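Dear colleague,

I am passing on the structure that we talked about, and my notes on it follow below. Please read them with the model open beside you.

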Amino acid sequence: MPFKTVKQLSVKGKKVLVRVDFNVPLSKGKVADATKIIAALPTLHYLDKQGASKIVCMSHLGKPEKELKKGKSREEVEAKFTLQPVAEKFQELLGKKVAFVADLQNIPDEKFVLLENTRFNEGEKSKDDDERKAFARELAATVGKEGVYVNDAFGTCHRKHASVYDITQFLPSAAGFLVEKEINALKPFVNPGKSSVAVLGGAKIEDKLDAVKALAEKYDSVLLGGGMTFTFFKAEGFEIGDSLLDEEKIGEAAEIMKKFGKKLILPSDIRVAKILNKEKKVNELGKNDYKDVKEVPSDEIPPGYTGLDIGRKTIENHKKIIAQAKTIFWNGAMGVFEISDFSKGTMAIAKAISDNKAATKIAGGGETVEVIHEGNLEIPTSTGGGASIDFLRKKLPAIEALERSR
Ligand code: AMP
């Protein structure tokens, strides 16, 4: 590997700054799923055993900057996105005292430290190179001039952020075990060869169009599902009722369909319902918030109905293609899987992928992993959703930064 890994880094007696991915789900102020914290432990234990004098961990959590932009107060946002509950769980799982700090100028004496959410500082995600660099310099200073840096946050490696990208200018840098493992696991999917199938779902089309293009370039078939498909239907001239639509992306969706034609397999039928309570998010709807669940051909969604899952014909068709695949790459839900009436598509596709024992396969993205755990399915997973898709088509910025580092 052209970048250094943690085993090639001399850490004895040194302070180490580690970028971990502690962007975990929280529920009622507690960590709801600690998978990502557990995944970071091997690198941290290794550094400790190798005699690092101090281990300063940092991570982002959620998207606090989005809520600030919406006009919420800083206090409110910081209370919601603080890493404090994560620090408690981290300390418990690590089995050692962890000091939690918000002030980068005052790093306490404890061996293990967790810094507050990196995204509380605008420099973390800034588009301005100097602003990002200034924050990276501040972060680097927490381990001093003799310090070293380890990136073990694969899920953020596709981002040009201060704590994964700019930081490598200031400290000798290496990849942690998790980043190394994830990259090795994804390699077979970069050039998947014959009989390859990508399955792509999810809601946010602005995040997905580049992914559709990247996957269609490399894979024999791209099976589509989820909320993003309705923008494609609109581009075909179908009526989509009240289904999710991104008006601005209709043109691009049309171009993609023209370019990749038959490779893109859109749902032929859709499970729809009439939503009665429009105040709620679709994935929080209760039984009384919708009615008239039915399946219709994709070009016959009636006015007033919302598409919420793929239909049975689509499930059967997608399943057949998956059963014959030799390589399968999956990212994103086929419908509103959080609600049992609309989870059948996602569950059936997940099971079909799991049942194809001969295929080389991987699934990425938060929800996808949730479904796999829930269904006790046998599909290897990547902790990076967006990062795993970007990895297929280009070198990730944070990996490039590791390669450039001294
Ligand atoms: P994303 O973050 O873009 O991968 O989207 C994941 C979310 O997409 C999940 O929470 C699903 O509930 C949601 N989703 C899937 N299908 C639909 C749909 N047809 N309409 C609205 N949301 C959907």
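Which strands does helix α4 (residues 84-94) lie across, and at about what angle does it run to β5? Helix α4 lies across β4 (54-58), β5 and β6 (112-115), and runs at about 165 degrees to β5, where the angle is taken between N-to-C directions on a scale from 0 to 180 degrees, with axes fitted to C-alpha atoms, for helices over the stretch in contact.

Before the rest, some notes on how to read this. This is a predicted model, in which local features need pLDDT of at least 70 and side-chain atom pairs count only at pLDDT 80 or more, while totals for chains, interfaces and linings use all residues. Residues are numbered from 1 along each chain as its sequence is written, and side-chain values use heavy atoms, with hydrogens and water left out. Helices (H or I, at least four residues) and strands (E, at least two) are DSSP runs numbered from the N terminus.

The sheet: β4, β5 and β6 belong to an open sheet of six strands, ordered β5-β6-β4-β1-β7-β8 with parallel pairing; two strands count as paired if DSSP finds at least two bridges between them. Its edge strands, β5 (98-101) and β8 (173-175), each pair on one side only. Within it, β1 (residues 15-19) and β7 (residues 148-151) pair in the parallel sense over four bridges, and Arg19 has Asn151 in β7 as its bridge partner.

The core: the largest nonpolar core has 67 residues, of which Leu17, Phe232, Leu264 and Phe329 touch the most other members. Such a core is a set of buried Ala, Val, Leu, Ile, Met, Phe, Trp, Tyr and Cys residues joined through side-chain atoms within 4.5 Å, buried being under 20% relative accessible area, exposed over 50% and partly exposed in between (1.4 Å probe, protein chains only). Helix α7 (residues 205-218) gives the most to this core, with six residues. Because domain 1 (6-183 + 395-405) and domain 2 (190-375) both give residues to this core, it lies between them; the domain bounds come from an automatic or database assignment.

Leaving aside neighbours within four places in sequence, Ser405 is in contact (heavy atoms within 4.5 Å) with Thr168, Leu171, Pro172 and Ser173.

With best wishes
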